[in-house]
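Have a look at it first, then read on.

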Amino acid sequence: MDWEQDLAAAVTEGEEIRAEELARAALEEGAAPREVLEKGAVAGIYQTGRLWEEGDYFLPDVILSIEAFNKVMEMVEPLLAGEVASTKGKVVLGSVEGDAHDLGKNIVAAMLRSSLYEVIDLGIDVGAERFVEAARDLHPDVIGLGAYMTTTMRNMEGVITALREAGLRDCVKLIIGGAPVTADYAERIGADGYGADAVGAVALVDRLLGVS
Amino acid sequence: MGLTAKLLKGTLYAGGLRIGKLDGYERLIAGIYGRPDRVPIILQPYTFAMAQHGLPARRFFTEPEPFVNASRNTAAYFGADSWSPIFDFYNIELEALGQKLIWRENSEPDVDTREPLVASRDDFRRLKPPIPGRGGRMPYVLESYRRYIDVMGIPPMAYACSPFTMAVLIRGYVNFLRDMRRDPAFAHRLLKFLSMEVVVPWIDKMVEATRTAIVVMSDAWASAPNMTTQIVREFCLPYVEKVVRATNSSMRTVMDSGSWGEKQVAEPSEILDVKMDMMTRGNGFKPLRPFFLLVWNEDYEEVGIPRMRAYAEEKNVCLMLNVRPDLIEEGPIERIVGNIVKLIGEGAGKGKFALLINLVPVGTPVEHAHAAVAAIKQFGAYPVGSLEPSAFRMPSFEPFDEWMRREGLPV
């Protein structure tokens, strides 16, 4: 149908107002919410991912595309209640204490959502205790920590220690990412994985949870 | 010796007229324009100085006296050639405009990106330029510079936030991306306002207060992959040029720096070319003519130092590399020394080279920072000779508290 292609294109092109209008119109014409999400928004964001991997898209293009995807998601998600029996898993994300940057985390969140993960975003400047509370209360499958400065990267280790002290470390997979973070660092502090970029983060979560 | 005499001595030394010994500042000048006696070391004391002196962030980033004294003490303790009073220079104009910051106990304040000051066009219409030198923490900056002059006898390098990075921070990254794509006229209006109503008056005020010869606008957001070079050329560089035209003089260089991203693009020279254009053309007085090519470890480690060196030589500018902060923090000393040897071996050439210790992470053992500085001093002597890390001689040093007591330095 035309709306599917148009909505996917609006998401890929980062036209969030148009994407929202197209999604609303499709719903009003009787399209199922899940169809709007998967055949429109998810198809569009996947095309964005392809363009990024092929080098045709730059980060600003990806960001605007994600914004458009999020607009559609915000509209459709409440309508999905009960319809989607299960997601692939639940992921809690946050930028660690002292870090007010959220660009990378937001991209990872959108890519995970588009891959049908339930994402709970704790935001920026998140202390170790909040991650512990989230692990205890929300029972996520994965916790993702972002740090975007050398000065804040060290706080990742504090989260792992706090989870261990609370007896929750083994209940959850813990992944880390961000500009100064490396795979070597992830291994040294005892994280379960490191994502070099958002696409890598999705593949990592898939692998850790054994889903495809 | 006055600033002009130091500039002259450093420049003459660089050109081969080697009269007398160089002090730290002269060594830096000689290193920028040619061959000094050894590779210059620039240190940014920043939050390490804060922690070393047990100062809470609120005091360090608001009170000139402890800020300058702590920064000076730390730079002197490690034996750097040159240091600048480095505060959170991205935030000063923004805060004076009314942008909310997040304050923490043990680190620098940061813009609260959840609440950008210009969330809407109406917010922009309501925006009033700050009174230069009086808004927010501008008085703290000016008084800190005055104290630096008292302590060091020369003006500091002054810092401003570039209009482009300020626009991103004040508007929010996604909003500003949308502006540039959908309403470029608005983006240009905002950039023009920030350039001419905020940055230029602030630079003029800092220059009036310090007579500084160098003003650096920092432009972290004009970096790949967050921005494309096309965006930077269209929305950033024209405003750098506007500010430079309005504030440069024959005795002053105003320039843009601090961006990165060479490893993010297929052809690193694309980014390096932008960096050179950020320096614009400088001025007629050779010792103040641009200047240096600053490349960060994330990029040079992937692209390779020889490629950066070749580019700097082609453009006839000083290559400046930072020393990887997490390596200084983690050590061990052998690894730090090995890294310094690599930087010097691949970067020092026959001069026009400097090393920047831009960050010593809080909690770094002092022997690590001492080792980094000592290794640069030992292996960085020109002409660069044997670079065998095992020949490194770790100097003895006093614990910081004892050194402070012996020197009788104030905090």
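What follows covers the contact between the chains, a pocket and a pair of packed helices, all in a predicted model.

## Where the chains meet

Let's start with the interface. The size of an interface is often given as the accessible area lost when the parts come together. Here, chain B and chain A bury about 2,200 Å² between them, with carbon and sulfur atoms giving 54% of that. Count the residues in contact and you get 25 from chain B and 25 from chain A.

On the chain B side, three arginines lose the most area to chain A: B:Arg178, B:Arg181 and B:Arg182. Together they make up 23% of what that side buries.

## The second largest pocket

This pocket has a volume of about 370 Å³, and 16 residues line it. Which of them lie nearest its centre? They are A:Glu97, A:Thr151 and A:Asn155 from chain A, plus B:Asn106 and B:Ser107 from chain B.

Helix α7 of chain A (residues 150-153) supplies the largest share of the lining, with three residues. Sorted by class, the lining has eight polar, six charged and two nonpolar residues.

## Two packed helices in chain B

Helix α9 (residues 163-171) and helix α10 (residues 173-182) of chain B pack at about 115°, their axes 6 Å apart. The crossing of α9(B) past α10(B) is right-handed.

From α9(B), the contact uses B:Phe164, B:Ala167, B:Val168 and B:Arg171. α10(B) brings B:Tyr173, B:Asn175, B:Phe176, B:Asp179 and B:Met180. By class, that's six nonpolar residues, one polar and two charged.

How values were computed: Residues are numbered from 1 along each chain as its sequence is written. Chains are lettered from A and ligands numbered from 1 in the order in which they are written. This is a predicted model: local features need pLDDT of at least 70, side-chain atom pairs count only at pLDDT 80 or more; totals for chains, interfaces and linings use all residues. Side-chain values use heavy atoms; hydrogens and water are left out. On a 1 Å grid over the protein atoms alone, a cavity is a set of points where a 1.4 Å probe fits but cannot get out, and a pocket is an open set with protein on both sides within 12 Å along at least five of seven lines; lining residues have an atom within 4 Å of a point. Grid points are joined across faces, edges and corners, and a volume is the space filled by probe spheres set on the points. Helices (H or I, at least four residues) and strands (E, at least two) are DSSP runs, numbered from the N terminus. Ala, Val, Leu, Ile, Met, Phe, Trp, Tyr, Cys and Pro count as nonpolar, Asp, Glu, Lys and Arg as charged, and the others, Gly among them, as polar. Axes are lines fitted to C-alpha atoms, for helices over the stretch in contact, and angles run from 0 to 180 degrees between N-to-C directions. A crossing is left-handed if the near helix is turned anticlockwise from the far one by less than a right angle, and right-handed if clockwise. Contact means heavy atoms within 4.5 Å. Buried area is the accessible area (1.4 Å probe) that two parts lose on being put together, summed over both.
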